[in-house]
Amino acid sequence: MPVEVTWWGHATCTVEDSGVRFLTDPLFARRLAHLRRRRGAPPPPEAAVAEAVLVSHLHSDHLHLPSLARLAPGTRVLVPAGAPDAVPGLRRLAAAGLRLTEVSVGDEVTVEGLTVRAVPAAHDGRRLPFGPHRSPALGYVVEGEARTYFAGDTGLFDDMAEAVGPVDVALLPVGGWGPYLGHGHLDAGRAAQALAELSPAAAVPVHYGTYWPIGLDGVRPHEFHAPGDEFARHAARLAPKVVVHRPAHGERVRPEVAR
């Protein structure tokens, strides 16, 4: 069975490989603080069904406690090392039945016979605006029938391809949730540069076109709508052998990979 990727919006994806479902950075809310969901319906209940959840860092649009609370008891949740100390609500979720596993760069975890490897990310992983920098930002590589890289939030960094390793499918952030991207993010152009370094068979742009600050609909709206298409255009120039899939919210794609 080929790998299947469903994009639910923002950084939330279901990656299914060998019959095992992985859910990335679940965010199911219509509204989060000053952000509201402007495109795509909130994910349906089946989006919360997974054998394991991969949490990349502690920002509340990636580690969202109410969304994690929708997971079934017994679900494995991988979080950056130190996350339960920085986000005490995680301990309450663990007491309610979630199986938390703290990981650092280089750690490998086996889930239903598949290997999940934590890799670096160039991003501020703190639970802003509170507390010291207690947890790293991470990406993950799921290794089964394919090697699928979920980058979380990251900027470009030296030796990125070496740190991540060989991958077949790359889920790369190409935008954000506001008019301007801060340090430690990929825009469409930088994501295409990362793609050229990583050289997977296929890529899926994520982290764009879902949430936007309330009242700022008219401020640089192209930063909301355009990153997916811009990424595909830059990728065609910088990494022409990579097949770029641009799913709509809730759409499933099956990237072709040769192993």
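Let me start with a helix. The buried residues of α5 pack against β12, α4 (160–164), β13, β14, α7 (227–238) and β16. Contact here means heavy atoms within 4.5 Å. Buried means under 20% relative accessible area, exposed over 50%, partly exposed in between, with a 1.4 Å probe and protein chains only.

A word on the source. This is a predicted model: local features need pLDDT of at least 70, side-chain atom pairs count only at pLDDT 80 or more, and totals for chains, interfaces and linings use all residues. Residues are numbered from 1 along each chain as its sequence is written, and side-chain values use heavy atoms, with hydrogens and water left out.

Helices (H or I, at least four residues) and strands (E, at least two) are DSSP runs, numbered from the N terminus.

Back to α5. Which of its residues are buried? They are A188, G189, A191, A192, A194, L195 and L198. D187 caps the N-terminal end, with a side-chain oxygen 3.3 Å from the backbone nitrogen of G189. Just after the helix, S199 takes a positive phi of about 55°.

Now the sheet. It is open, has seven strands and mixed pairing, and the order is β9-β10-β11-β12-β13-β14-β16. β9 (108–111) and β16 (243–244) stand at the edges with a single partner strand each, so one side of each has no neighbour in the sheet. Two strands pair if DSSP finds at least two bridges between them. β9 pairs with β10 (residues 114–120) in the antiparallel sense, over four bridges. There, V109 has V116 as its bridge partner.

Next, β14. Five of its five residues are buried, so the rest of the structure largely encloses this strand. Both faces are covered: A202, V204 and V206 are buried on one side, A203 and P205 on the other. β13 and β14 run parallel, joined by five bridges. V169 stands opposite A202. The chain goes from β13 through α5 to β14, a right-handed β-α-β crossover. Right-handed means that, with the strands pointing away from the viewer, the path from the first strand over the helix to the second runs clockwise. On to β16: two bridges join it to β14, again in parallel. A203 pairs with V244.

Last, the loop between β13 and α5, where H185 lies. Is H185 buried or exposed? Buried, with a relative accessible area of 18%. Leaving aside neighbours within four places in sequence, H185 is in contact with H123, D153, T154, G155 and R190. The backbone oxygen of H183 lies 3.3 Å from a polar atom of the H185 side chain.

Conventions: Polar contact = N/O pair within 3.5 Å; in protein donor to acceptor, adjacent residues only side chain to side chain.
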